[in-house]
Amino acid sequence: MTEKQLTPKLQSLLVHIEDEEKKRHYERLISTLLEKGYFPGLAEVPVVKSAISHIDGERGILTFRGYPVEELAEYCSFEEVCYLILRGDLPLEEELQQLRRQLLAKKDLPAELARLIPKFSPTLHPMNMLSAAVLMLESSDKGSAEVGDHKANLKRSVSLIAKLPTIVGTYLTKDPEFHQGREFASFAEYALFCFNPAAAREPELVKMFEESLILHMDHTMNNSTFSARAVGSAQAGIYALISTAINSLSGPLHGGANERVVKTLEQIGGPEKVAEAVDNSLEHHQKIMGVGHRIYKTYDPRAKFFKNHIIAKIFAEQENKLRAQRPDLWNLYATAVRLESYVQEKLGTKKLYPNVDFWSGLFYRALDIAPEYFTTIFALARVVGWCAHWLEQMENDGKIYRPHQLYVGFDLRHVAR
Ligand code: COA
């Protein structure tokens, strides 16, 4: 397309955008798109219109339905933010109590699945187990293939959000009745109970765990949300799309990074060994797990909250106690602190900062949760976002995802027979 043809086309596409800076940004983006036509990793290519969350990557701001994530984490409960993300606004007291009751009432699994999960091979990674178990929920919800009814979709979403911790708890304990006989005051308390029952008796830990869940609930068009939307666009049911999203989240470049961060810290072995380990990784073009982000060009606000509100309380404010009672854990923390500053020295010019996975793993380790389970915690928070995107998509967008490829294979040829 020549520049003469391009200019009026661009102007007509952008006529509704008033902000001049935004207009220039989109002009640049669309002209590159038309000119190059190929964006590896779909970087900066807008694929949906969504009103759920927003990232300002330059200023390090993440909002859910307009509210900064730090405010939501500090002042709201899991249930409030879940309601906000699913339905668009914070709940009234009665709506909040109703959602809390529903989440706790719907947490039990169908009996057959609850009996089956403990029989899964213990070598199955918890994320793959979670994905498989979610898919199996379909067998006791036959109406789920019908996706056109918003009310039914919302009900199914709440029921599925409620069940994720139970799936993980059943696999972890190998006991289908692990949660019976105990009352829970909130979803966060129950979710923490599924990983560590003793910790769930300490309100301060429950609050921090709840904050960590809220920080993870949604994050615009990330890889797993995009995957969920792609499956949703084919009008597949909720279990198929959430199972797919869990598979995407398990990858080390996405949610799986939190598990790798702690394993890397353990391998490094101490703050004095950080420089050598990082230099070695960079020399071999290996990425440092928990560092970098496609959108943030400054410190990830979720990582900042983790560091200042959660990690600080667990580690920095209890230094003497931890050094004496849990030297291994303290050593992990000291290694992470050194890693953060060394990565800044080495990669600061590339605008690479710790992301949420850098600090979250350390918190989960302090809660005595095994690294293989870290990403399941991410999943049982992010499922709220996946469901919200599905609800939004089913309401607004009927088009199946079917992007274009640039074919680089053989020209037409024939079998020589
Ligand atoms: N360690 C070292 N270098 C990194 C890096 C990391 N974690 N992340 C990015 N870079 C470098 C790349 O090598 C590249 O350098 P170059 O321009 O000299 O080639 C540059 O930064 C851009 O990286 P790229 O991989 O193209 O960015 P992306 O937007 O495609 O990827 C991530 C974003 C998150 C996938 C990437 O930063 C990453 O793999 N991080 C580690 C995994 C992780 O923590 N994931 C969780 C994300 S919340």
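The model is predicted, so local features need pLDDT of at least 70 and side-chain atom pairs count only at pLDDT 80 or more, while totals for chains, interfaces and linings use all residues. Residues are numbered from 1 along each chain as its sequence is written, and side-chain values use heavy atoms, with hydrogens and water left out.

**Stop 1: the ligand**

Next, show the side chain of Lys-287: one of its polar atoms lies 2.5 Å from a ligand oxygen. Move to the backbone of Ile-288, where a polar atom is 2.7 Å from a ligand nitrogen. At Gly-290, a polar backbone atom is 2.8 Å from an oxygen of the ligand. On its own the ligand has 860 Å² of accessible area, and the protein covers 66% of it (Shrake-Rupley method, 1.4 Å probe; for residues, only the protein chains shown count as cover).

**Stop 2**

Select residues 53–56 (S1) and 61–64 (S2), which run antiparallel and are joined by 4 bridges. Strands are DSSP runs of E with at least two residues, helices are runs of H or I with at least four, and both are numbered from the N terminus; two strands pair if DSSP finds at least two bridges between them. His-54 stands opposite Thr-63 in S2. In this hairpin 4 residues lie between the strands, and Gly-60 takes a positive phi near 70°.

The hairpin of S2 and S3 has 2 residues between its strands, and Arg-65 in the turn has a positive phi of about 50°.

**Stop 2: Ser-131**

Select helix H7, residues 126–136, and find Ser-131 in it. Is Ser-131 buried or exposed? Ser-131 is buried, with a relative accessible area of 5% (buried is under 20%, exposed over 50%, partly exposed in between; 1.4 Å probe, protein chains only).

Beyond residues up to four places away in sequence, Ser-131 touches Ser-243, Ile-246 and Asn-247 (contact: heavy atoms within 4.5 Å). The side chains of Ser-131 and Asn-247 are joined by a polar contact of 2.8 Å. A polar contact is a pair of N or O atoms within 3.5 Å; within protein, one must be able to donate a hydrogen and the other to accept it, and residues adjacent in sequence count only if both atoms are side-chain atoms.
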